[in-house]
Amino acid sequence: MFNIIKLLPSLHDKVWGGTLLREEFGMEIPSDTTGEAWVISAHPNGQSIVDFPNEYKGWTLDELYQKHREYFESSSKINTSTKKFPLLVKFLDAKGRLSVQVHPDDDYALEHASELGKTECWYVISAKPGSEIVLGHNARNQEEFEQWVSTGKWDKLLRRIPVKAGDFYYVAAGTIHGIGEGVCILEIQQNSDTTYRVYDYERLDSEGNLRELHLADAFAVTTIPDQNIQSQKHAVSILGGEVTQLIESEYFTVWKLQCCQTARFSLNPIEFYLLTVIEGEGEIQVKETTLSLKKGEAFIIPVGHREFDVTGQLEMIISKSND
């Protein structure tokens, strides 16, 4: 049994992407329109690759999960466990604004897309002055929603929110949303890649065609009226830093760990944890294993551990599945 897994990201070109993943996180991006880095992913559309331990170096995360479930679930849960890795963690660099979109819940996604639904949350890493997101809508009923979408009454329909670094948002399946220009976020989500575009600002694809919309699906899955629910952050000072619980939801719990010297984070030994460094550098020690940490890197701590220690000046987002 090993103590920690280090992963390499799957990088994705997007029409709205940029170069921030290279400039701020040191990633070797494939183009100057790289929009996403799937740093912890077992999804077939973008697999993270194991970099450590050496025994599994080069394996995909899904391969490791399928062949060694004992690293991810306690012995009492293995026989009844899901066959799919539950979460996906990614950085998004929105040089341009993303489409206004919505994701389905589990029932709709399983029936229509043969995968999980997509509830997600966003931690804003950086945002240019004046940046905003779309989160929620103002339609009072289904008829009004469909009419405003069909007639392009976007200013009346969409709720726009100014954002800044350090903001956190919970985006339940069925919530109309969109990330604005100049925003970089870390997203923790269900392991799904099903998105229904509602509005794309008349944007053209690489071949000069309007990008596809998915209005029938969007009309079917959007929550009406909007029920945007945001969590209350809860911060606790610890020796050497601070831990803030950002959300505890049906699908995941997320914390932010700020370390200014040496900090210890307690774990439930029957669960595995996902770690992503969002600022600074340092070291992590899990039992006798010590690895360096730097901004943009991602790790998994398998089941069977009660704590880990972090040394350095850094910030990381920690998450676990509640499924």
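## Report on a predicted structure

At 58% relative accessibility, glutamate 202 counts as exposed, where exposed means over 50% relative accessible area, buried under 20% and partly exposed in between, for a 1.4 Å probe and protein chains only. The model is predicted, so local features need pLDDT of at least 70 and side-chain atom pairs count only at pLDDT 80 or more, while totals for chains, interfaces and linings use all residues. Residues are numbered from 1 along each chain as its sequence is written, and side-chain values use heavy atoms, with hydrogens and water left out.

### Backbone features

Most residues other than glycine have a negative phi, and most peptide bonds are trans. Glutamate 202 has a positive phi of about 55 degrees although it is not a glycine, and it is placed in the loop between β15 (196–199) and α6. Helices (H or I, at least four residues) and strands (E, at least two) are DSSP runs, numbered from the N terminus. Lysine 287 also has a positive phi of about 55 degrees without being a glycine; it lies in the loop between β20 and β21 (289–294). With 52% relative accessibility, lysine 287 counts as exposed.

Cis peptide bonds are found at two prolines. One joins phenylalanine 52 and proline 53, with omega of about 5 degrees, and proline 53 has its place in the loop between β6 (49–52) and α2 (61–67). Another joins isoleucine 224 and proline 225, with omega of about -5 degrees; proline 225 belongs to the loop between α6 (215–221) and β16 (234–238).

Strand β23 (residues 307–321) is largely enclosed by the rest of the structure, because eleven of its 15 residues are buried. Two strands pair if DSSP finds at least two bridges between them.

| Strand | Bridges to β23 | Residues standing opposite |
|---|---|---|
| β18 (residues 252–259) | eight | Tryptophan 255 and isoleucine 318 |
| β19 (residues 262–266) | five | Alanine 263 and valine 310 |
| β20 (residues 273–286) | eleven | Threonine 276 and isoleucine 317 |

### Empty space

Rolling a probe the size of a water molecule over the atoms shows where empty space is left. On a 1 Å grid over the protein atoms alone, a cavity is a set of points where a 1.4 Å probe fits but cannot get out, and a pocket is an open set with protein on both sides within 12 Å along at least five of seven lines; lining residues have an atom within 4 Å of a point. Grid points are joined across faces, edges and corners, and a volume is the space filled by probe spheres set on the points.

The largest pocket holds about 360 Å³ of space. Its lining has 22 residues, of which Lys14, Trp16, Glu36, Gln101 and Thr195 are the closest to its centre.

A search of the whole structure finds one cavity of 30 Å³ or more, and the largest cavity has a volume of about 40 Å³. Its lining consists of Pro86, Leu87, Leu116, Gln190, Tyr251, Ser321 and Asp323.

Glutamine 190 lies in strand β14 (residues 183–190) and counts as buried, at 3% relative accessibility. Its side chain reaches the backbone nitrogen of lysine 118 at 3.5 Å.

Definitions and conventions
Polar contact = N/O pair within 3.5 Å; in protein donor to acceptor, adjacent residues only side chain to side chain.
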